[in-house]
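Please keep the sequence and the structure in view while reading.

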Amino acid sequence: MSAMFDLLKKIYPLRLAPVSEDTDKAAEILCGVLPFQIHEYASGLEHNGWTVPQKWKAVRAEIKKNGKTIYDGMKHPLGVIGYSTSFTGKVSLDELKKHLFYHPVFPEALVYHCDYYYKPWRRDWGMSIPHQLYKELDRGEYEVILETVAEPGTMKVLDYFLEGETKETILFNAHDCHAGQANDDVSGIVVTVEIMKRLAQRKKRKYSYRAIIAPEHLGTVFYLANLPEKVVKTFRGGMFLEMLGHQNRFALQKSFTGESLIDKAAKVYLTRNFSDIHEADFRKVVGNDETVWEAPGFEIPFISLSRAHPMYPEYHSSLDDERIIFEDKLEEAAQTVLGMLDILETDTTLKRHFKGLVALSNPKYDLYISTADPSIRPTVAEDQKKWNYLMDCLCRYFDEKTTLLDIAIKHEIDYAKLYQYVKKYEEKGLVSFVEKG
Ligand SMILES: [Zn+2]
């Protein structure tokens with residue numbers, strides 16, 4: 001079994017919430033895999049109208065009729081609505097139904113409900129039950145015994161920093177607050193951890209990298225609000241990683257401007273390596289913490305990589321478990337992100353050391369990519385045409401301004417091939433790569 005899948009199986013069954021015993025347990029497990037630094041924010045802290053929630057857990061959740069337990073909400077982490085208050089008493093069917101939530105499509109599934117995480121001013125009790133059971137409830141009196149505990153605690157934000165040659169930092173973010181769900185977003189957590197492990201093994205890193213694992217919105221709001229301005233200034237961009245384990249194509253969600261370096265690298269890598277991807281503007285695929293990173297005053301370009309289009313049917317339900325997760329999909333996601341990072345790591349401008357037109361086909365240079373003679377073979381492959389045209393233009397880009405990524409986008413050619421090709425110009429002494437930092 002892959003390390004990613006193994007880690008996923010340990011974390012997703014936990015009773016995760018913004019602040020809970022099990023979320024602390026998840027933090028412990030993750031710290032055993034990567035030496036995360038943990039930032040703590042006390043329950044009750046406020047910022048811009050957001051409040052750090054209490055440490056919460058459910059201890060008993062039964063619905064009884066005629067003395068017989070018809071539902072035990074403790075059997076699955078989604079059985080009790082997160083941050084539900086306690087309630088014990090007798091209720092009518094109509095009253096009971098006001099506090100029950102069910103999945104609209106799957107009769108046997110439990111639906112995920114997280115509204116109370118963010119609205120501490122809305123205090124109510126609630127349980128999630130299978131729709132088939134909901135439909136079978138008949139008239140009469142029900143007894144509810146729902147015991148939950150809310151007490152002061154601390155919200156944990158996990159932060160792993162990997163220093164590179166420059167302080168300019170690329171961020172990764174995934175959330176750890178969805179109880180009992182694997183793809184949303186323990187898949188994003190394990191892919192993030194794997195990427196950081198592999199980056200840590202690299203001998204050379206131009207960029208610094210930082211992984212933030214935290215409760216959705218709340219974690220990043222308080223993390224950023226408490227971060228020194230000089231650290232924030234090093235953030236070049238980031239990506240939210242989510243829903244990466246199921247069978248579907250990749251969905252790339254652009255940053256707010258859609259024009260950042262990280263947008264370009266992601267798009268170039270994905271479009272060259274996958275024939276079918278979904279691409280959409282900021283917040284048009286799936287909503288996560290990109291609104292926090294991109295918020296005014298921070299404006300950190302934040303893309304999202306997921307497989308969330310179309311949305312998988314098990315989303316926000318108890319059916320989002322390990323059965324829908326594929327190890328090869330997690331691996332593909334990790335490799336894809338690392339492929340995007342390879343572009344960022346090698347992207348550069350070029351300094352020219354010659355003047356005038358160079359005879360590329362002279363064996364002294366051997367830089368001419370021969371295309372088929374149209375008189376012999378009238379059809380020239382599309383890609384070959386692009387490379388032929390590139391040879392006409394390339395030397396003008398050795399201007400210390402145009403980047404390799406800009407060239408790959410403009411000429412719709414593979415970045416890695418372009419890099420190798422320009423490397424030959426460097427070997428012949430025609431250009432030098434402008435190292436920054
Ligand atoms: Zn979610």
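How are α1 and α6 oriented to each other? Before the reply, a word on the basis of the description: the model is predicted, local features need pLDDT of at least 70, side-chain atom pairs count only at pLDDT 80 or more, and totals for chains, interfaces and linings use all residues. Residues are numbered from 1 along each chain as its sequence is written, and side-chain values use heavy atoms, with hydrogens and water left out.

Helices (DSSP runs of H or I, at least four residues) and strands (runs of E, at least two) are numbered from the N terminus. The axes of helix α1 (residues 3-11) and α6 come within 9 Å and cross at roughly 140°; axes are lines fitted to C-alpha atoms, for helices over the stretch in contact, and angles run from 0 to 180 degrees between N-to-C directions. The helices α1 and α6 are therefore oblique to each other. In this scheme, angles under 35 degrees count as roughly parallel, over 145 as roughly antiparallel, 65 to 115 as roughly perpendicular, and the rest as oblique. The crossing of α1 and α6 is right-handed; a crossing has this hand if the near helix is turned clockwise from the far one by less than a right angle, and is left-handed if anticlockwise. On the α1 side the contact (heavy atoms within 4.5 Å) involves A3, M4, L7, L8 and I11, while residues of α6 in it include V186, V190, E194 and R198. By class, this contact of α1 with α6 has 9 nonpolar, 1 polar and 3 charged residues. Here Ala, Val, Leu, Ile, Met, Phe, Trp, Tyr, Cys and Pro count as nonpolar, Asp, Glu, Lys and Arg as charged, and the others, Gly among them, as polar.

Attention may now turn to the sheets. Strands of a sheet pair through backbone hydrogen bonds, either parallel or antiparallel. Two strands are taken to pair if DSSP finds at least two bridges between them. Within it, β14 (residues 251-253) runs antiparallel to β16 (residues 302-306), and 3 bridges join them; A251 stands opposite S306 in β16.

Some loops have particular backbone geometry. Most residues other than glycine have a negative phi, and most peptide bonds are trans. The peptide bond from D184 to D185 is cis, with omega near 5°, and D185 lies in the loop between β11 and α6 (186-201). Another cis bond leads from H309 to P310, with omega near -5°; P310 belongs to the loop between β16 and α11. H217, in the loop between β12 and α7 (218-225), has a positive phi, near 60°.

A second open sheet has 4 strands, ordered β5-β4-β9-β6, with antiparallel pairing. Here β5 (68-72) and β6 (87-92) are the edge strands, and the twist averages 25° from one strand to the next. Strand β6 is joined to β9 (residues 141-151) by 6 bridges, and G89 has V144 as its bridge partner in β9.

Finally, the axes of α9 (residues 261-273) and α13 (residues 404-411) come within 10 Å and cross at roughly 50°. The two helices α9 and α13 are therefore oblique to each other, and their crossing is left-handed. The contact is made by L261, K264, A265 and V268 of α9 with L405, D406 and I409 of α13.
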